[in-house]
Amino acid sequence: MPVPPAARLAVELAVIAFTAGATTLLFFDYRRHRRGGLDGRPAFLAAVADGVPAPVRRLIGHEIALVSSFLRWVSRRGPHGVHSGDHALPYAPAQAATLYGVFFVCVVETVALARVIPWPVVHAVTLVLDVWGCFFLLALHASCVVRPHVRGADGSLRLRYGALLDIRIPADRIAAVRLDRTYPNGPLAAPDENGVADVAVAGLTTVIVELTEPVPYVRALGRRAEARAFRFYAEDPASALRAILPGVPEASGTPRQVVGTPYGGSQKSQEDP
């Protein structure tokens, strides 16, 4: 049905008024933070935090990270956050086949629905959602490829899952690390009753890191948590173990390294010579 000109004008004026009001509030918040001593970028970010709800900021930030990860992936710029002296621990190959399979199904669905839906508005909305879904799957895989786990040059450990999760563990918090193949079925990085959080890929973890004290972090949907141990997946768990162990500091009364056979075999403790 045709939209009355008065209704169209009212909607346009409402959008303009909302945009002008939000811009004005952002400007005044920015000036207030600048007068408080903040530089340009921190003042702008603080002004945005004042006016935009946290869930909206997280959603926008996640979409920006997905787009930037996809561009980094297609341009082959190398992993994000891996500097000189760092060691990247990939995990994306374990789920690549599944994601590509789902991507193929989404492409077939997009083409099929584009041909069978006769109503123009429904056709347009469905097409936009389907195309975005296809892009989301590729961007999710790209974010996992270009954002691997990282053992830092200072011995710290950074556990990530694409643009959804980023956990930083200082070197002095790592008490022990060992190979341990498990099949968790809980939510991503949700600590259990024992304080152990799983960063699984394709329903699998291969390495466990035990800490001297709990580490706080932010989960995928913004909820804060803390854990005393993390199980995570590494494509080459033995290489991950060798990369992490040199940075583990000596702790009184605690072995520096815990060595175990991968994939659920027997385990033994061993003092670092």
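Where is the place of A202? A202 sits in the loop between strand 6 and strand 7; the points below come back to this residue.

1. Basis. This is a predicted model, in which local features need pLDDT of at least 70 and side-chain atom pairs count only at pLDDT 80 or more, while totals for chains, interfaces and linings use all residues. Residues are numbered from 1 along each chain as its sequence is written, and side-chain values use heavy atoms, with hydrogens and water left out. Helices (H or I, at least four residues) and strands (E, at least two) are DSSP runs, numbered from the N terminus.

2. A202 has a positive phi of about 55 degrees although it is not a glycine. Most residues other than glycine have a negative phi. A202 is exposed, because its relative accessible area is 56% (exposed means over 50%, buried under 20%, partly exposed in between, with a 1.4 Å probe and protein chains only). T98, in helix 4, is also exposed, at 52%. Between the C-alpha atoms of T98 and A202 there are 8.4 Å in space, against 104 residues in sequence.

3. A189. A positive phi, near 60 degrees, is found at A189 too, again in a residue other than glycine. A189 belongs to the loop between strand 5 (174-182) and strand 6 (196-199). With 0% relative accessibility, A189 counts as buried.

4. T110. Helix 4 covers residues 93-116 and includes T110. T110 counts as buried because its relative accessibility is 11%. Leaving aside residues up to four places away in sequence, T110 touches L127, D130, V131 and C134 (contact means heavy atoms within 4.5 Å).

5. Helix 1 and helix 2. Helix 1 (residues 5-35) packs on helix 2 (residues 40-51) at an angle of about 130 degrees, and the axes are 8 Å apart. Axes are lines fitted to C-alpha atoms, for helices over the stretch in contact, and angles run from 0 to 180 degrees between N-to-C directions. The two helices are therefore oblique to each other (under 35 degrees is roughly parallel, over 145 roughly antiparallel, 65 to 115 roughly perpendicular, and the rest oblique). Among the residues that meet are L26 and Y30 of helix 1 and F44 and A47 of helix 2.

6. Four strands form an open sheet in the order 1-2-3-4, with antiparallel pairing (two strands pair if DSSP finds at least two bridges between them). Strand 1 (87-89) and strand 4 stand at the edges with a single partner strand each, so one side of each has no neighbour in the sheet. Strand 2 (residues 149-151) is joined to strand 3 by two bridges, and V150 stands opposite R158. Strand 3 (residues 157-161) and strand 4 pair over five bridges, with L157 and I169 as bridge partners. These two strands form a hairpin with three residues between them, and G162 in the turn has a positive phi of about 55 degrees.

7. Strand faces and core. Strand 4 (residues 165-169) has a covered face, L165, I167 and I169, and an uncovered one, D166 and R168. The largest nonpolar core has 39 residues, and L157, I167, I169, Y217, F230 and F232 have the most contacts inside it. Such a core is a set of buried Ala, Val, Leu, Ile, Met, Phe, Trp, Tyr and Cys residues joined through side-chain atoms within 4.5 Å. F232 touches residues including H149, L157, V199 and I244.
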